[in-house]
Amino acid sequence: MNSAYHRHVASPSGLGNSTTRQLRSMVPMLLVPVGSTEQHGPHLPLDTDTRIATAVADGVVERMAEEFGAPGDRRVVVAPAVGYGASGEHQGFTGTISIGTAALELLLVEYGRSASNWAGRIVFVNGHGGNVAALAAAVALLRYEGRDVGWVPCSVPDADAHAGHTETSVLLHISPGDVLTDELVCGNTSALSELMPRMRSGGIGAVSELGILGDPTTATAAEGERIFAEMVNGCADRIKRWQPDRNGLLT
């Protein structure tokens with residue numbers, strides 16, 4: 001037997017750059033960012049939701065490290081993101097790739113079943129509102145099967161809906177070089193409740209030619225830092241309390 005295989009090794013906080021040997025003595029909590037590949041107006045990248053979910057998951061690990069010690073001591077590991085989601089409302093825009101609710105639900109169920117063979121707890125960190133139905137159904141089933149799974153949203157109160165002030169501010173904080181500031185224009189700022197009837201039949205393109213719901217021209221990096229911290233703290237607090245509702249949403 002190779003005794004080197006059993007020596008103590010550092011515990012990285014990312015699943016993708018971990019080895020089996022580094023993880024085999026753990027029963028870690030696995031954070032899984034879930035995002036999308038969809039249009040975010042002319043100024044934000046297609047993977048905006050995925051970037052935000054990944055950054056929030058990393059931020060949760062950092063906060064846990066500050067409160068409880070090194071990330072390895074807490075055995076919290078961030079998985080590579082699920083970068084495709086249910087984005088049918090954006091399908092009319094070039095670059096959008098939607099796998100739909102049914103496919104996403106199945107993916108999350110099989111993901112959870114597989115990961116729970118070695119992860120003690122699984123948390124899906126969601127960055128796209130269109131994924132909610134799939135997450136709720138998948139996590140409810142996983143929990144019914146006896147698996148310790150939950151999900152949290154990267155959301156803040158009073159956020160605008162899509163590619164507006166909120167998301168643009170956060171991207172100016174976490175990925176400033178990828179925001180095309182010379183392309184910033186105001187989108188449809190009507191309340192989402194007023195827009196939903198038209199969006200249900202025609203998608204976001206029916207209410208905003210550029211695919212923006214909100215006003216990105218007011219976005220700032222400083223505001224993005226505040227919003228991002230609120231997202232991280234909100235998710236970390238939900239995870240710490242661990243009070244899943246019937247669909248596995250941590251409250």
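**Close-up views of a predicted model**

**View 1. Cysteines without disulfides.** The structure holds zero disulfides (pairs of cysteine sulfur atoms within 2.5 Å). For Cys154, the nearest cysteine sulfur is that of Cys235, 4.7 Å away. Cys154 is buried at 12% relative accessible area, whereas Cys186 is partly exposed at 44% (buried is under 20% relative accessible area, exposed over 50%, partly exposed in between; 1.4 Å probe, protein chains only). This is a predicted model, in which local features need pLDDT of at least 70 and side-chain atom pairs count only at pLDDT 80 or more, while totals for chains, interfaces and linings use all residues. Residues are numbered from 1 along each chain as its sequence is written, and side-chain values use heavy atoms, with hydrogens and water left out.

**View 2. The open sheet.** Four strands are arranged in the order β2-β1-β3-β4 with parallel pairing (strands are DSSP E runs of at least two residues, helices H or I runs of at least four, numbered from the N terminus; two strands pair if DSSP finds at least two bridges between them). β2 (76–78) and β4 (149–153) each have a single partner strand, so one side of each lacks a neighbour in the sheet. The twist averages 25° from one strand to the next. Six bridges join β1 (residues 29–34) to β3, and Leu31 stands opposite Val123 in β3. Helix α5 lies across β3 and β4, at about 160° to β4 (axes are lines fitted to C-alpha atoms, for helices over the stretch in contact, with angles from 0 to 180 degrees between N-to-C directions).

**View 3. Surroundings of Asn131.** Asn131 sits in the loop between β3 (121–126) and α5 (132–144) and is buried, with a relative accessible area of 0%. Leaving aside residues up to four places away in sequence, Asn131 touches Val34, Gly35, Gly85, Ala86, Leu104 and Asn126 (contact means heavy atoms within 4.5 Å). The C-alpha atoms of Asn131 and Gly85 are 6.0 Å apart. A polar atom of the Asn131 side chain lies 3.0 Å from the backbone oxygen of Gly35.

**View 4. Salt bridges.** The structure holds ten salt bridges (a side-chain nitrogen of Lys or Arg within 4 Å of a carboxyl oxygen of Asp or Glu). Arg51 and Asp178 meet at 2.6 Å, N to O; Arg51 lies in helix α2 (residues 48–68) and Asp178 in the loop between α6 (165–174) and α7 (192–202), so the pair ties together parts 127 residues apart in sequence. Asp237 forms a salt bridge with Arg63; Arg63 is buried at 15% relative accessibility. A network of salt bridges links Glu110, Arg113, Glu145 and Arg147.

Technical notes. A polar contact is a pair of N or O atoms within 3.5 Å; within protein, one must be able to donate a hydrogen and the other to accept it, and residues adjacent in sequence count only if both atoms are side-chain atoms.
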